[in-house]
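Good morning, colleagues. Please have the display in view as I speak.

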Amino acid sequence: MNAPVDPKKLIKGGLHDWEVIVGMEIHAQVSSQAKLFSGASTEFGAEPNDHVSLVDAAMPGMLPVINAECIAQAVRTGLGLKAQINLRSVFDRKNYFYPDLPQGYQISQYKDPIVGEGEVLVDMADGSSITVGIERLHLEQDAGKSLHDQDPTRSFVDLNRSGVALMEIVSRPDLRSSEEAKAYVTKLRTILRYLGTCDGDMEKGSLRADVNVSVRRPGEPLGTRCEIKNVNSIRFIGQAIETEARRQIAILEDGGTIDQETRLFDPTKGETRSMRSKEEAHDYRYFPDPDLLPLEFDQAFVDSLAEGLPELPDAKKARFVADYGLSPYDAGVLVAERASADYYEAVAKGRDGKAAANWVINELFGRLNKEGLSIEASPVSAAQLGAIIDLIGEGVISGKIAKDLFEIVWTEGGDPRTLVESRGMKQVTDTGAIEKAVDAIIAANPDKVAQAKEKPTLLGWFVGQTMKATGGKANPAAVNTLLKAKLGIE
Amino acid sequence: MSVDEKTVRRIAHLARIAVTDDEVGPLQGELNAILAFVEQLGAVDVSGIEPMTSVTPMAMKKREDIVTEGGRAADVVANAPETEDNYFLVPKVVE
């Protein structure tokens, strides 16, 4: 916690430099068919109250029965966070009053969570990396949803989400900037998606963050923190931290003190504001849920889940660096999504790993981003992209023509090899044909030829003319060699 | 352990139970009587004994991850004082 302070991460106030300290509670919706304690569906977007059992609606006499898959998903996530798995954990009631919580309590885990301490390795854009401690992960129920904009005097309550399983993942206050916080959430999301334990869809509320922010002057004890509730996008997490840190710094530099409180980030106004109504609710009066026995399983259960885990992003990245000779940065880009990594591996198989990475990252990802498409929706398949790379490797097309070919495959589809034949895109490697074109250009431009002897950079102009004359199909290496010889440039 | 008047009002508010001024005094007495009764348990030495969570030694029952319920929105909201399109309607609650 008192690691050396990196001056670059400090925030400049009016009087001093300040260090921002951030810890996060991430609520991740467990991927499952049915809810945590009932047999109602978790599917998003149903008609109001259609995915509600009598347990979720808190009808008298209903008893919760735990969903075995949700337990397995929490354990898998714990393993993915290299965390302690607790073979015995306890469900507690967290009591508070709100219309979208029909029981009047949320079933959660307080003193004895299912997963204990772990860690997440987070790579930063500048190539450095940080380790973020995980304090705990526990299972709990989600609440229902209230709509406030349907009627001037009424709120509308839909319990479809009520009782859906959430994993609350609590980090240590190990983050020192909004950039680190964003990178941490991004990495956590990647891990969850690899594990298949949460779809990470922030737009649908599958991943939400409560962000704890405090500031201090470097070397001083931790300051009083404020908790910013329910931030639902990675970009907003960054903005909320910056905004809140500056608010606290302004108060402290004016000689004031920070009140520990719950706040809400308003992205349209770019400010955080106090949620006074939540203050009293902090008296949650936790106690063990008498409807539920302690959750117990053996190490063999944990081991069997560990065996079934997929290769995780850190391991995959290390393997891409070692096996395909990629830079850590490129490997990091490719493993950010499991589907991207799978696509890349399909392209790289039996080919040059670096060339495959360049094509996937620069051409394909670039084009997908531009069109707002996911890798799953790519019009160019891994097999098609692989064929394009093969054609370059075989000297059939130049890199430049390959980009045109990529464009054709993207918009029209088809087999790259057939396209090259049918559209006459083959590179001219026949020296005789290239020489003819070169000779014609030299003959037509005696002044430039004379200049080129003094100014060898003019070679570029001749290359350009030759490529133009051959419709871009001349082998660039052959053109260069020929021109140098004929112009007497070395 | 005992509760004062302020605590009685606070507990009532947290539970959203309306308590009149006249009721606070008697409730305080009743609660303190219950607490005193429970406090007798403190006389038992339980050091080194794990808290009992169930009277029968059994593992928690679990369910398969299969959708078995739902599709009865009209039943779910049937007892609600006010509904619209199978939503529960409640007095406006806004942050």
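This is a predicted model: local features need pLDDT of at least 70, side-chain atom pairs count only at pLDDT 80 or more; totals for chains, interfaces and linings use all residues.

Let me begin with a definition: two strands are said to pair if DSSP finds at least two bridges between them.

Strand β11(A) spans residues 165-171 and is mostly covered, with five of its seven residues buried. A further antiparallel partner of β11(A) is β8(A), residues 129-141, and seven bridges connect β8(A) with β11(A). Within β11(A), Val170(A) is the bridge partner of Arg136(A).

Elsewhere in chain A, an open sheet is formed by three strands in the order β6-β5-β16, with antiparallel pairing. Which strands lie at the edges of this sheet? They are β6(A), residues 105-108, and β16(A), residues 287-288, each of which pairs on one side only. Strand β5(A), residues 92-95, is joined to β16(A) over two bridges in the antiparallel sense, and Asp92(A) stands opposite Pro288(A) in β16(A).

I turn now to helix packing, with two pairs in chain A. In one pair, helix α7(A), residues 328-335, and helix α9(A), residues 353-371, have axes that come within 11 Å and cross at roughly 60 degrees. That angle makes α7(A) oblique to α9(A). The crossing of α7(A) past α9(A) is left-handed. From α7(A), the residues involved are Asp330(A), Val333(A) and Leu334(A), and they meet Ala357(A), Val360(A) and Ile361(A) in α9(A). By class, this contact has five nonpolar residues, no polar residues and one charged residue.

The other pair is α15(A), residues 459-469, with α16(A), residues 476-487; their axes are 10 Å apart and the angle is about 125 degrees. Why are α15(A) and α16(A) called oblique to each other? Angles count as roughly perpendicular from 65 to 115 degrees and as roughly antiparallel over 145, and an angle of about 125 degrees therefore leaves this pair oblique. Their crossing is right-handed. On the α15(A) side, Leu459(A), Phe462(A), Val463(A), Thr466(A) and Met467(A) take part, and they meet Val479(A), Asn480(A), Leu483(A), Lys484(A) and Leu487(A) of α16(A). The residues of this contact divide into seven nonpolar, two polar and one charged.

In the segment after α16(A) we find Ile489(A). Because it has 16 C-beta neighbours inside 10 Å, Ile489(A) counts as partly exposed. Leaving aside residues up to four places away in sequence, Ile489(A) touches Ala452(A), Pro456(A), Leu459(A) and Lys484(A). For Ala452(A), which is 37 residues from Ile489(A) along the chain, the C-alpha separation is 7.7 Å.

Finally, the contact between the chains. How many residues of each chain take part? On chain A there are 40, in contact with 31 residues of chain B. The elements of chain A that each supply at least two residues to its side are β3 (66-67), α1 (68-80), β10 (154-158) and β17 (295-296). The largest share, five residues, comes from β10(A). By class, the chain A side has 19 nonpolar, 14 polar and seven charged residues.

Strand pairing also crosses from one chain to the other: β3(A) and β1(B), residues 62-63, pair in the parallel sense over two bridges. In that pairing, Asn67(A) stands opposite Arg63(B) in β1(B).

Thank you for your attention.

Key
Residues are numbered from 1 along each chain as its sequence is written. Chains are lettered from A and ligands numbered from 1 in the order in which they are written. Two residues are in contact if their C-beta atoms, placed from the backbone, lie within 7 Å. Helices (H or I, at least four residues) and strands (E, at least two) are DSSP runs, numbered from the N terminus. Ala, Val, Leu, Ile, Met, Phe, Trp, Tyr, Cys and Pro count as nonpolar, Asp, Glu, Lys and Arg as charged, and the others, Gly among them, as polar. Axes are lines fitted to C-alpha atoms, for helices over the stretch in contact, and angles run from 0 to 180 degrees between N-to-C directions. Angles under 35 degrees count as roughly parallel, over 145 as roughly antiparallel, 65 to 115 as roughly perpendicular and the rest as oblique. A crossing is left-handed if the near helix is turned anticlockwise from the far one by less than a right angle, and right-handed if clockwise. A residue is buried if 20 or more other C-beta atoms lie within 10 Å of its own, exposed if 12 or fewer, and partly exposed in between; C-beta atoms are placed from the backbone.
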